[in-house]
Amino acid sequence: TDRSTMLVDIEKKLQKLTMLNSPVLQKNIEDEQAARLRPKPKPKYDSKTRKWVAMNWDGSVAGIQGGEHISFHNIGDSEMKLEDIAQQLAQQSINNRTEYESELQATQAEEESQIPFAKLNSVAPNSPAGDAGLKEGDEIVKFGSINVANHRNLQAVAEMVPEVASNSRTIELIVLRGDANNNSKIRKHCMLRPRPWAGRGLLGCHIVPSVN
C-alpha cells in the first residue's frame, strides 16, 4: 500500500511539473475540468437514431455510436434532415397504398362472395349432396376455395371433388336459396363430404354454370 501511495504521489508531482513547463497544457486541463463541472443541458431526442442522447463535457454526443464526432448542439428535439422527411413521406405513401389495396381486395372479395357461379339442377336423395342439406335450385356462391373469380367454367370443381374424396375431407359450400315465395334469397352454409355412394359420382347432384 505504501508503495502504491508513493507511486501516485510521484505521478501527481510529475503532472504538476509538466504543467509548469507547459502553460498551454495546464490551460487545457483547467478548461476540461471546468467543462466537466459545468451544468449539462437536458437530453435531446435524435430523430435519426430515434434515441435520447446527452451531451459530453466536450460538446459531443453521448448515447449513440459515433457520437464523439457529432455536435450535441446540432441535434434538435424536432429537427429532421430533408432526406429523413422525404423517406418518412415515401414510407407513409407506401403504407397508405398498401392499406388502400388491402381494402380494395377485401371489397372485391366481398362482392365476389355475393355472386353465384353455379346452380344445382338436381339433388338425389340419400346422396352426399342430399345429406349435406343441398337442394335443387340452390345457387353456389362458394365451393371450398372456389368462387366466381376462379371456377374456370367449373373445371376447378371437377378437380377438387376427387382430391377431397381421396382424403376423406369435407368442402364448405355457401349457397343462395329462394324463400317459400321465391321473392328473396337466403345464404346457407353446407358441409359436403364427397364419397362413393349407391348412385353415380361422388356428390349425387348435377352442377351447371350459373346464368347471370
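Predicted model: local features only at pLDDT ≥ 70, side-chain atom pairs only at ≥ 80, totals over all residues.
Residues are numbered from 1 along each chain as its sequence is written, and side-chain values use heavy atoms, with hydrogens and water left out.

Leu134 belongs to the largest nonpolar core, a set of 23 residues in which Leu134, Phe143 and Ile207 have the most contacts. A nonpolar core here is a set of buried Ala, Val, Leu, Ile, Met, Phe, Trp, Tyr and Cys residues joined through side-chain atoms within 4.5 Å; buried means under 20% relative accessible area, exposed over 50%, and partly exposed in between (1.4 Å probe, protein chains only). Two or more residues of this core come from each of strand E4 (118-123), E5, helix H5 (155-166), strand E6 (171-178), E7 and strand E8 (205-209). With five residues, H5 gives the most to this core. There is also a second, separate core of six residues, including Val53, Met55, Phe72 and Ile75. In soluble globular proteins, nonpolar side chains tend to be buried together.

Stepping back to the whole protein chain, you will find five helices and eight strands. These are DSSP runs numbered from the N terminus, with helices (H or I) of at least four residues and strands (E) of at least two. Read from the N terminus on, the order is α-α-β-β-β-α-β-α-β-α-β-β-β. Of the 212 residues of the protein chain, 25% count as buried. Among contacts between residues at least 6 apart in sequence, 52% join residues at least 24 apart.

Now for the charged pairs. The structure holds five salt bridges, each a side-chain nitrogen of Lys or Arg within 4 Å of a carboxyl oxygen of Asp or Glu. One of them joins the side chains of Lys185 and Glu139, at 2.2 Å from N to O. Because Lys185 lies in strand E7 (residues 185-192) and Glu139 in strand E5 (residues 139-143), this pair ties together parts that are 46 residues apart in sequence. Glu139 is buried, as its relative accessible area is 12%.

Another salt bridge, between Arg97 and Glu101 (3.2 Å, N to O), sits within helix H3 (residues 82-112), where the two residues are four apart, about one turn of the helix. Arg97 counts as exposed because its relative accessibility is 57%, whereas Glu101, at 34%, is partly exposed. The side chains of Glu159 and Arg152 also meet in a salt bridge (2.8 Å, N to O). Glu159 is partly exposed at 40%, and Arg152 is partly exposed at 48%.

The protein chain exposes about 15100 Å², and carbon and sulfur atoms supply 52% of it; accessible areas come from the Shrake-Rupley method with a 1.4 Å probe, and for residues only the protein chains shown count as cover. Met6, Leu7 and Ile10 make a nonpolar surface patch of about 290 Å². Patches are made of residues with over 30% relative accessible area and no salt bridge, joining like charges within 9 Å and nonpolar side chains (Val, Leu, Ile, Met, Phe, Trp, Tyr) within 5 Å. Ile10 lies in helix H1 (residues 2-21) and counts as partly exposed because its relative accessibility is 42%.

Conventions. Contact = heavy atoms within 4.5 Å.
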